[in-house]
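Me: I'm new to this one. Could you show me how to read its features?

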Amino acid sequence: MTTATTDQPSLKAPRTTAVDVVLGVDTHKDVHVAAVLTVLGALLATRSFPATLAGYRDLLAWTRSFGVVHRAGVEGTGSYGISLCRYLLAEGVQVIEVNRPDRAARRQRGKTDVIDAEAAARAVLAGRARTCPKYTEGTVEGLRVAKMVKDSAVTARTQAINHLKAILVCADPGLRESLEPLRNPALFVACAQLNPEHSAVHQALQLLAVRIRHLSEQITTLKKQITLMIRALNPDLLKVFGVGPDSAAALLIAAGENHDRLTSEASFAALCGVSPVEHSSGKSRHRRLNRGGNRQGNAALYRIVLTRLRREERTQHYLERRTMEGKTKREVIRCLKRYVAREIYHCILATPLPQPKTRTG
């Protein structure tokens, strides 16, 4: 929930010299709260602005009234702050992605929008925040949207199929006995041909069957679209053993459009949540599973590893060797996911995407 904020007049810099200032923004759906700091860390002012194009203009003009702004720390650059991020980049301001403050800091200082905005600016000043946000106006963003719609259609189709079969279990014995032996494709065709005026059960089965057919058509169309987009972005990725369109899309979306965000293959492994995390204490020395990162990318790597364990001889031999060394299958899969992440990283970087061009306002 956003809170109303008022201007905190401040320490405005003298107009005779242009001084550098740093902007911090706590973003919300309807209102963004901004804080301006000097490079020495002095808070100049805070103010809230509507999350509209006019509000973005006012925010930047207000910030520039205190000095020259080169850097801005913004929370939620992939959600509520995405439009503000695009506007600031178009105006030549470097946007730095800021994570929300940790719980210890919130317990010490409290939680308000003003405090979060100031913390975003201080994270940039201290160098704790250094990540540039993902570019969200290229082909990868279109791929993300298409995959999101396809995944939702798959979920809805699965739900419709479950509902249809649950209704069929309790249906009239004559109807149930005529439909239950059919496989899914024939079952859906038969249900779609039922007369909805016969009974409420017939109507429900007919409507669900029609819904399943429409969702299947959408899924097929989106699958073809996603495959074409991947071939245009990185055709070699689909040639990697075990990588299909769904896994390739998830990994490309995780990497993003601006590959300069990936400083090394270890950073990509951490991004996908497959980098080992030290979990040692005293005489015990071991590593644990990384529970962070992009979970869709992590799931894609898991699917690739399972496919290779079933069909690739080299991976099967690796599993046998590590098992003889005392590793459990779960631990071996973790190692394999890390190796696959390295292979995918080099495949992604081998086909660089066009550098995004900053628009002029």
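Reply: Let's start with Val-277, which lies in strand E6 (residues 277-278). Strands (E, at least two residues) and helices (H or I, at least four) are DSSP runs, numbered from the N terminus. This is a predicted model: local features need pLDDT of at least 70, side-chain atom pairs count only at pLDDT 80 or more, and totals for chains, interfaces and linings use all residues. Residues are numbered from 1 along each chain as its sequence is written, and side-chain values use heavy atoms, leaving out hydrogens and water.

Me: How should I read the relative accessible area of Val-277?

Reply: Buried means under 20% relative accessible area, exposed over 50%, and partly exposed in between (1.4 Å probe, protein chains only). Val-277 has 24%, so it counts as partly exposed. In space, Val-277 and Asn-290 are 5.9 Å apart, C-alpha to C-alpha, though 13 residues apart in sequence.

Me: Which residues make the nonpolar surface patch?

Reply: Patches take residues with over 30% relative accessible area and no salt bridge, joining like charges within 9 Å and nonpolar side chains (Val, Leu, Ile, Met, Phe, Trp, Tyr) within 5 Å. A salt bridge is a side-chain nitrogen of Lys or Arg within 4 Å of a carboxyl oxygen of Asp or Glu. Here Val-145, Met-148 and Val-149 make a patch of about 230 Å². Met-148 is found in helix H5 (residues 139-169) and is partly exposed at 47%.

Me: And how many helices and strands does the protein chain have?

Reply: The protein chain has 13 helices and seven strands. Of its 361 residues, 42% are buried.

Methods. Areas by Shrake-Rupley, 256 points an atom, 1.4 Å probe, with all protein chains shown as cover.
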